[in-house]
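Open your viewer and get ready to select a few charged side chains. We will go from one pair to the next and see what each one links.

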Amino acid sequence: MSVKKILFVDDEQFVLDGLSRLLREYRERWQFRLALNGKEALEIVNNDTIDMIISDVRMPEMNGLELLERLQTDEKTKNIPVVVLTGDQERSLKRQALDLGAVDLLNKPINKEDLVSRIDNVLKLKEYQDIIIEKKRALEEQLVISQKMELVGVMAAGAVHDLSNLIAIIIGYSNLFIEASSLNQEEALSMERIRRAGEKASDVVGHIMRFSRLDDTRTMVNIGDLVDEILSILEVTVPKPIKIQWKKPHEAIYLSGSAIKYQQVVMNLCINATQSMEPLGKGKLKVSIQKLPREGEGRPSVRIEVEDTGTGMDNETMKKIFYPLFTTKEPGKGTGLGLFVVKHIIDQYSGNIEVVSEVGKGSIFRVYFPLDEGV
Ligand SMILES: Nc1ncnc2c1ncn2[C@@H]1O[C@H](COP(=O)(O)OP(=O)(O)OP(=O)(O)O)[C@@H](O)[C@H]1O
Ligand SMILES: [Mg+2]
């Protein structure tokens with residue numbers, strides 16, 4: 001087992017010394033670093049790999065709450081678990097610390113058993129969290145790859161479609177000449193070659209068309225389970241002050257199609273929503289699914305709603321969000337393919353999308369997919 005590094009932050013040197021002394025017998029498993037305030041703590045965190053932090057609240061220079069805030073806003077440090085030390089009676093401080101992303105609280109004066117078991121638990125949780133973060137990274141990587149594939153697929157499909165029209169013209173005209181029999185033998189032979197080449201090209205195009213449909217295996221996808229899985233991964237990876245609200249419907253709802261494609265739709269909408277709240281450092285992502293009864297001539301459908309309290313969009317942005325490569329994110333952060341692919345998949349499944357947004361308030365994306373009769 002690797003040695004874990006724990007950072008203690010307290011403005012009283014004797015508390016720090018006391019803590020280190022208290023845990024002397026654990027030195028083989030845990031290595032301790034000490035800081036006298038938030039500022040010193042940040043410096044250490046930025047220059048070393050720290051596995052967890054135990055911090056006091058009241059400190060000069062930078063207090064524990066500010067430290068929590070700063071840790072949360074930095075991608076590199078936001079996943080370091082922080083346990084906050086408070087007095088028994090300090091209820092509002094405790095609340096604030098938890099709201100700012102503290103994973104746990106410890107009452108002062110500290111008792112050794114509590115401290116040891118708290119450290120043990122937090123480090124175990126951190127290990128699970130790291131596994132999930134790695135899983136999310138892999139999933140996002142897969143998402144980018146499948147998004148690019150989708151784009152290539154869309155472009156190829158367009159090109160193939162145009163090609164097959166052109167090839168039909170070549171075959172059609174060469175047939176006309178051959179049938180008109182106004183050509184001499186040599187010309188007729190050349191025309192026959194043109195026709196055969198056209199037919200061969202038509203075969204090749206047919207192969208490409210069949211091949212590009214290969215990965216589109218349709219199954220019955222349990223959409224509640226799918227959202228559940230995506231959110232359980234997001235939950236651990238978004239900054240703590242961003243809350244996720246989601247209630248899986250009791251009844252299983254099945255949509256016909258490819259699980260990967262539904263995953264792309266939900267994942268893109270949820271990631272966009274959390275990204276829109278990240279600059280604000282807090283907010284709420286609300287996801288819901290609802291079965292809607294048949295309306296008039298239409299089929300019954302399923303509505304997936306993704307709502308955020310992020311930056312929102314102005315009208316100019318709203319007009320362009322489904323364009324390929326349109327992004328307002330800084331280079332390296334967004335490719336501008338997310339919603340383009342979302343729209344493409346929704347069209348492919350005869351669905352619909354609605355967007356409501358207000359600058360400074362947030363956005364709601366509503367996606368409708370038709371439900372197969374009798375499901
Ligand atoms: N929930 C949202 N809140 C605010 N703006 C949004 C939201 N969703 C999308 N947008 C806007 O629409 C743009 C296009 O979104 P899209 O998902 O297509 O690309 P992206 O998120 O910029 O990059 P990518 O998804 O490829 O990483 C975003 O850059 C952003 O300006
Ligand atoms: Mg996106």
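Start with helix H9, residues 315-320, where Glu 316 and Lys 319 sit three residues apart, so about one helical turn separates them. Keep in mind that this model is predicted. Show both side chains and you will find a salt bridge between Glu 316 and Lys 319, at 3.0 Å from N to O.

Next, select Arg 303, Glu 305, Glu 354 and Arg 366 together. Salt bridges with shared partners join these four residues into one network. Zoom in on one of its links, the salt bridge between Glu 305 and Arg 303, with an N to O distance of 3.8 Å. Is Glu 305 buried or exposed? Glu 305 is buried, because its relative accessible area of 14% falls under the 20% cut-off.

For the last stop, select Glu 251 and Lys 291. Their side chains form a salt bridge at 2.9 Å, N to O. Which parts of the chain does this pair tie together? Glu 251 belongs to the loop between strand S7 (242-246) and strand S8 (254-257), and Lys 291 to strand S9 (residues 283-292), so the pair links parts 40 residues apart in sequence. Glu 251 is partly exposed at 46% relative accessibility, and Lys 291 is also partly exposed, with a relative accessible area of 29%.

Notes:
Residues numbered from 1 in each chain as written. Chains lettered and ligands numbered in written order. Predicted model: local features only at pLDDT ≥ 70, side-chain atom pairs only at ≥ 80, totals over all residues. Heavy atoms only, no water. Helix = DSSP H or I, 4+ residues; strand = E, 2+ residues; numbered from the N terminus. Buried < 20%, exposed > 50% of the residue type's maximum accessible area, 1.4 Å probe, protein only.
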